[in-house]
Amino acid sequence: MVDALHVGDVRVRRVEEWQGNFLPPSAFFVGFDEADFRRVVEPLTPDYYSPDVDSIYAFLQSWLLEVDGLRVLFDTGAGNDKDRPGIPIFGNLSTPFMERFAATGIRAEQVDVVICSHLHIDHVGWNTRLDAGRWVPTFPNARYLFSAVDREYWDPAGAGARPTEGGAFVNSGVFEDSVQPLLDAGRAELIGDGYRLSESITLQAVPGHTPGHLAMNVRSRGEEAIFVGDVLHHPLQVHYPHWNSPYCEDQPQARVTRRRILDEAADREALLVPAHFGGVHCCRVRRDGEHFIPVLES
Ligand SMILES: [Zn+2]
């Protein structure tokens, strides 16, 4: 894929929000090893790694699916006009995301379902837009599906487990401007593991990066794609599933889940569609003994 693909009868299009250098791999990956990095980086250069500035090259992008008579948007980026003191690179953006969305030929009013893989800053932003000083639903007729576990975790008024200190800082302001307005408008539905949206779409719990993270399995005519959000951020984590991002709330669980999803993708020859991959924006997973190899072809 670069901008479009089919999974059986399901049409999928990519709507880009942002791309750029993010962080040096040594700073981004928890568990990074320089020799291991050097061993596999060459074919990932320059689409996934910028050697001149020693930075991973990343994207923010959403996926628009036409499936079972529904128009489904999976993940909504960082959004425009939002104060983000915890991660300024994604604060007060002014991208043409909605113009790119309109170029698909589908209007915001025609989106039936918005699914957020998890409730981090860069997956919920376009849930809302600024209208006369208020945050209003960007997709006014859509049901917004949120993980019930993540809602409880990230809600400043939540009573259960609390975010890590770093997580709370990075995500500050996000719940208030990008999740709460949908709850207030009665447009949110809280879901969890095994939720079946339609004949072709099932959500599964993939905890670790956040406790309520959900992946979307799309199955049609014997083909399968798994939209995995931030279970992995970069092809390097196919080679090295024990490398976490610094934003994984439960670091040991994130490693367990990543390996499970890579096993699943390899066993079933499923296409993995992560949130932030550069290049062709998706991959297949091949086994090599105990290890996995990313197959990065469109
Ligand atoms: Zn993310």
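Asp81 is partly exposed, with a relative accessible area of 42%. For the terms: buried is under 20% relative accessible area, exposed is over 50%, and partly exposed lies in between, with a 1.4 Å probe and protein chains only. Asp81 also has a positive phi of about 70 degrees, although it is not a glycine. You will find Asp81 in the loop between strand 5 (70–74) and helix 3 (97–102). Helices (H or I, at least four residues) and strands (E, at least two) are DSSP runs, numbered from the N terminus.

A word on the source. This is a predicted model, in which local features need pLDDT of at least 70 and side-chain atom pairs count only at pLDDT 80 or more, while totals for chains, interfaces and linings use all residues. Residues are numbered from 1 along each chain as its sequence is written, and side-chain values use heavy atoms, with hydrogens and water left out.

Back to the backbone. Which other residue has a positive phi, in this case near 45 degrees? That is Asn92, which is not a glycine either. Asn92 sits in the loop between strand 5 and helix 3. Its relative accessibility is 51%, so Asn92 counts as exposed.

Next, a peptide bond. The bond from Thr45 to Pro46 is cis, and its omega is near 5 degrees. Pro46 belongs to the loop between helix 2 (34–40) and strand 3 (49–50).

Now the charged side chains. Side chains of opposite charge can pair when their charged atoms come close. A salt bridge here is a side-chain nitrogen of Lys or Arg within 4 Å of a carboxyl oxygen of Asp or Glu. How many salt bridges does that rule give? The count comes to 18. I will go through some of them.

Arg14 and Asp3 form a salt bridge, at 3.0 Å from N to O. Arg14 is in strand 2 (residues 10–21) and Asp3 in the segment before strand 1 (4–7), so the pair links distant parts of the chain, 11 residues apart. Are the two partners buried or exposed? Arg14 counts as buried because its relative accessibility is 10%. Asp3 is partly exposed, at 42% relative accessible area.

Another salt bridge joins the side chains of Arg221 and Asp9, at 2.7 Å from N to O. Arg221 is in the loop between strand 13 (214–220) and strand 14 (223–229), and Asp9 is in the loop between strand 1 and strand 2; the pair links parts of the chain that are 212 residues apart. Arg221 is exposed, with a relative accessible area of 69%.

Then there is the salt bridge between Arg143 and Glu189, at 2.9 Å from N to O.

Glu264 is found in helix 10 (residues 251–268), and it is buried, with a relative accessible area of 13%. Contact means heavy atoms within 4.5 Å. Leaving aside residues up to four places away in sequence, Glu264 touches Gln204, Asn217 and Ile226.
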